[in-house]
2 protein chains.
Amino acid sequence: MNRAVVLFSGGMDSATLLFQAATQFDHITALSFRYGAKHNAYELEACDRILKHMTSRGISTPIEHRIIDMASCFTGFQSNLLKSGGAIPEGHYAAETMKLTVIPGRNLMFLSVAAGYAESVGASTVLIGVHLGDSHIYPDCCEPFVKTAAGAIAFSSDNRVTLLAPFVNSTKNEIARIGQILSVPWHLTRSCYKDQELPCGKCGTCTERIEALGSIGVVERKH
Amino acid sequence: MNRAVVLFSGGMDSATLLFQAATQFDHITALSFRYGAKHNAYELEACDRILKHMTSRGISTPIEHRIIDMASCFTGFQSNLLKSGGAIPEGHYAAETMKLTVIPGRNLMFLSVAAGYAESVGASTVLIGVHLGDSHIYPDCCEPFVKTAAGAIAFSSDNRVTLLAPFVNSTKNEIARIGQILSVPWHLTRSCYKDQELPCGKCGTCTERIEALGSIGVVERKH
């Protein structure tokens with residue numbers, strides 16, 4: 001059995017990754033986290049909606065959804081993305097203020113849990129949906145990080161687990177193009193960082209989402 | 001301020017590491033985890049005893065003890081070291097059966113939390129007490145793992161956090177020799193993997209402890 005663990009946040013990127021993985025693996029664990037982010041509850045609702053949609057669409061790849069509570073691990077962490085931090089900045093990802101939304105070490109924490117679980121259940125592959133647009137702001141989304149994290153996971157698991165980040169050199173527009181081929185239900189995904197049900201349309205991730213969906217001709221009206 | 005985060009389990013190695021770090025850093029966070037291991041409660045008691053001893057000995061380096069609950073992250077993990085797993089094997093670390101005590105990905109999980117916290121509080125260094133004796137059994141204790149994990153942490157933190165494993169090429173006997181110089185209170189440390197108050201004296205870590213302490217002329221009678 002060709003089994004994978006996919007980091008799944010309910011956003012455009014990880015949803016596209018999950019749909020693509022469903023075409024490549026026999027069994028998938030979609031791994032989501034409760035970690036104290038402002039938008040955490042909305043993310044998890046999106047994850048649930050997307051998984052139900054996959055079932056209703058007749059996608060038959062078995063997908064197990066695991067939600068891990070990691071909130072205590074982030075106690076004392078400094079980030080405006082967390083409930084404990086300041087306001088989410090508005091504007092483009094390229095803006096310096098978006099650095100306030102970095103959570104130190106987050107992706108390595110998520111990946112290490114994913115890799116340990118993968119090894120425990122005999123999954124050969126861990127997948128993460130980081131992309132080129134992220135890497136300007138988030139150091140744990142760039143290719144050198146992914147390569148060294150892949151090395152650490154390979155050594156830690158005696159080469160039983162491989163980390164893949166298929167979009168690490170892709171733009172968000174390219175992800176949108178791939179997701180469109182896979183008929184990813186964009187309206188069920190959630191990007192906004194703010195602690196509110198309706199996306200704000202103004203924060204970095206909303207701005208990027210609008211641009212990427214716009215590039216494939218999708219215009220949303222919900223914010 | 002020269003600040004460090006030390007992974008601290010209350011055993012011989014991490015206690016020696018903590019005492020050594022107290023000679024090198026201005027402020028230390030000793031980071032311990034609740035993660036569902038059979039010996040977890042005894043480990044944490046040992047941590048507490050050792051820290052109280054340091055205070056009573058007049059060691060003035062400020063040491064903050066943080067205990068992180070990570071148990072939910074290890075749900076579904078396969079290891080006899082966990083409460084959910086089978087019996088702790090007896091015999092020497094070199095024995096093949098000791099591999100049953102590997103917890104997939106554990107050290108990368110602990111290190112990633114330590115690194116994220118370090119970056120959040122402005123600590124430049126994360127320290128882990130892995131050593132040569134561990135590396136035969138535990139893939140996440142060997143030097144190649146430490147080097148790649150250090151790389152991942154460096155990239156993830158924009159080079160703000162450095163991972164050090166000063167004992168990675170030392171034997172346990174060498175750690176005992178260093179700990180003796182630092183007057184580490186061996187009787188307050190805890191090594192045994194079993195879920196019992198008195199060390200069993202028979203599991204791999206008890207066997208290794210008896211050998212290492214024996215090499216510096218310390219014989220314990222408590223098991």
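This is a predicted model: local features need pLDDT of at least 70, side-chain atom pairs count only at pLDDT 80 or more; totals for chains, interfaces and linings use all residues.
Colleague: Which residues are buried in H1(B)?

Modeller: A residue is buried if 20 or more other C-beta atoms lie within 10 Å of its own, exposed if 12 or fewer, and partly exposed in between, the C-beta atoms being placed from the backbone. In H1(B) the buried residues are Met12(B), Asp13(B), Ser14(B), Ala15(B), Thr16(B), Leu17(B), Leu18(B), Phe19(B), Gln20(B), Ala21(B) and Ala22(B). Residues are numbered from 1 along each chain as its sequence is written, and chains are lettered from A and ligands numbered from 1 in the order in which they are written.

Colleague: Against which elements of chain B do the buried residues of H1(B) pack?

Modeller: Helices (H or I, at least four residues) and strands (E, at least two) are DSSP runs, numbered from the N terminus. The partners of H1(B) are strands E1 (3-7), E2 (27-34) and E4 (125-127), together with helices H2 (40-56), H5 and H6 (204-215) of chain B. Helix H5 of chain B, residues 172-181, contains Gln180(B). Gln180(B) is partly exposed because it has 16 C-beta neighbours inside 10 Å. From C-alpha to C-alpha, Gln180(B) and Thr16(B) are 8.6 Å apart in space, although 164 residues apart in sequence.

Colleague: What does Thr16(A) touch, not counting residues up to four places away in sequence?

Modeller: Two residues are in contact if their C-beta atoms, placed from the backbone, lie within 7 Å. On that basis, Thr16(A) touches Gly129(A), Ile175(A), Ile178(A), Gly179(A), Leu182(A) and Val184(A), with residues up to four places away in sequence left out. Thr16(A) belongs to helix H1 of chain A and is buried, since 28 other C-beta atoms lie within 10 Å.

Colleague: Which residues does the UniProt annotation "binding site" cover in the segment that includes Thr16(A)?

Modeller: UniProt positions are given here in the present numbering, with feature names shortened, and annotations may be inferred rather than shown by experiment. According to the unreviewed UniProt entry, this "binding site" covers Phe8(A), Ser9(A), Gly10(A), Gly11(A), Met12(A), Asp13(A), Ser14(A), Ala15(A), Thr16(A), Leu17(A) and Leu18(A). Gly11(A) lies in the loop between strand E1 (3-7) and helix H1 (12-22) of chain A. Its 22 C-beta neighbours inside 10 Å make Gly11(A) buried. Leaving out residues up to four places away in sequence, Gly11(A) touches Thr189(A), Arg190(A) and Ser191(A).

Colleague: Where does UniProt place the "binding site" that includes Cys192(A)?

Modeller: The unreviewed entry places that feature at Cys192(A), Cys200(A), Cys203(A) and Cys206(A). Cys192(A) is in the loop between helices H5 (172-181) and H6 (204-215) of chain A, and Cys200(A) lies in the loop between H5 and H6 as well. Cys192(A) is buried, with 24 other C-beta atoms within 10 Å, whereas Cys200(A) is partly exposed, with 17 such neighbours. With residues up to four places away in sequence excluded, Cys192(A) touches Cys200(A), Cys203(A) and Cys206(A), and also His39(A), Pro199(A) and Thr205(A).

Colleague: What pattern does chain A follow along the sequence?

Modeller: The pattern is β-α-β-α-β-α-β-α-β-α-α, from 6 helices and 5 strands. Of the 223 residues of chain A, 54% count as buried. Among contacts between residues at least 6 apart in sequence, 71% join residues at least 24 apart.

Colleague: How many residues of chain A are in contact with chain B?

Modeller: Contact involves 36 residues of chain A and 36 residues of chain B. On the chain A side, strand E3 (63-69), helix H3 (106-121) and helix H4 (143-156) each supply at least two residues. H3(A) gives the largest share, 12 residues.

Colleague: What ipTM and pTM does the model score?

Modeller: The scores are ipTM 0.92 and pTM 0.94. Chain A averages a pLDDT of 94, and 99% of the residues score at least 70.

Terms used: pLDDT is the predictor's confidence in each residue, from 0 to 100.
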